[in-house]
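Let's talk pockets. Here is the chain to look at.

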Amino acid sequence: MKVISAEIFHIQLPMKFPFVTGFGAISKRDAIILKLTDENGLVGWGEGAALWGPVYLEESAMTNVHVIKDFLVPILKDIEISHEEYVKKSTYIRGNNLAKFAVDTAIWSIDSQISKKPIYKLIGGVRKQIPVGESIGMVESITKLLEIVEKRMSEGYQRIKLKIKPEHDYEYVSIVRRAFPKLKIMVDANSSYSLDQIDLLKKLDELGLMMIEQPLAYDDIIDHATLQKQLKTPICLDESILSAEDARKACEIGACKIINVKPGRVGSLDECIKINEVAKKFKIQLWLGGMLETGIGKSYNLMAASLSEFTLPADVSPSKTFFDEGITDPDVQVSSKGFVEVPAEVGLGFKVFEEKIEKYKIGHYKIF
Ligand code: OSB
Ligand code: MG
């Protein structure tokens, strides 16, 4: 396959409400959408999932544009390419996994249309339905928080994730725990604690949580290993795991019992397969995380979650939960039992509304 046209759309989706985390609030969602077209007119879509600024990891929407436009897409020009070749040729570029993933999946999408096999099958997925939970940003009003939790439970979501930070933790989570004694609750700190605050984290041990996600530094595994030894609650790593090698090292030193895999964060679907192997070997559990992606990113995320070790509920909800409207058809749909189907068509699996991309576009780059 040869890519003959490549363009990037920088869109900005207004959020229905700010999504507040340990690193700050997300009040509008920038998304970097990549469109590749091959010599036969087949189209591959990809999404660079970085936020507006380097606040979750180092990448931002504009570094995604820069790296995709000036380094990654130029690799594809005038050569026969496949997703395997692309991964080989792009490894010389350090980091920038969210950008790498946008290109990786756009190529997978075209490869899948050529072979007429859905991506989830090509990667060896074994699950057609993904159990889902919901991630709830910090909410000031407790009445409002309890209302949201109740609504999500009635919609079938299988667990809820609460965002926490120091001093916005034990009391906040206890209220939900008391109101819903049997609910599966987990918390995500987005790296807002240090080991000196271990007492705050130990208190959370009383609340019967499924896991505590990324309590310590975004680039740490050593302190997380120290912490895990002192906690009963499993630690789940998110920001710290950028590759299968990171996952192996974290498992070897006991830094976590669970990993939140955001396919974009590890750079390629192949890397997701490798992490699945590491999880099997070390007998740890995986689940699919999310970055408030559009339907494009979510579709590929769901395909990755069909891998065997992704057994815990995923963070993936319909675009309408956070945005006024989605940019794909269909959008993610949650069944009354709390499952989402893995897109099983060839390619992206969802149709992209190009007119919606036009509507929300704030930047356009024709690469070639
Ligand atoms: O840490 O999991 C996170 C959103 C943006 C950045 C980081 C995170 C999140 C979420 C949202 O928790 C989960 C979702 O996409 O539903
Ligand atoms: Mg997280």
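This is a predicted model: local features need pLDDT of at least 70, side-chain atom pairs count only at pLDDT 80 or more; totals for chains, interfaces and linings use all residues.

Residues are numbered from 1 along each chain as its sequence is written, and side-chain values use heavy atoms, with hydrogens and water left out.

Q: What makes a residue part of the lining of the largest pocket?
A: A pocket is an open set of points on a 1 Å grid over the protein atoms alone, where a 1.4 Å probe fits and protein lies on both sides within 12 Å along at least five of seven lines; a lining residue has an atom within 4 Å of a point. For the largest pocket 17 residues count, and F17, I136, V139, K144 and I148 are the closest to its centre.

Q: How do you know that the largest pocket lies between domains?
A: Domain 1 (3–117 + 353–366) and domain 2 (121–341) both give residues to its lining, so it lies between them. The bounds come from an automatic or database domain assignment.

Q: What makes up the lining of the largest pocket, by class?
A: Nine residues are nonpolar, three polar and five charged. Nonpolar means Ala, Val, Leu, Ile, Met, Phe, Trp, Tyr, Cys or Pro, charged means Asp, Glu, Lys or Arg, and the others, Gly among them, are polar.

Q: Why is the second largest pocket also placed between the domains?
A: Both domain 1 and domain 2 give residues to its lining, so it sits between them. Its lining has 15 residues, with T91, N97, K100, V266 and E271 nearest its centre.

Key: Chains are lettered from A and ligands numbered from 1 in the order in which they are written.
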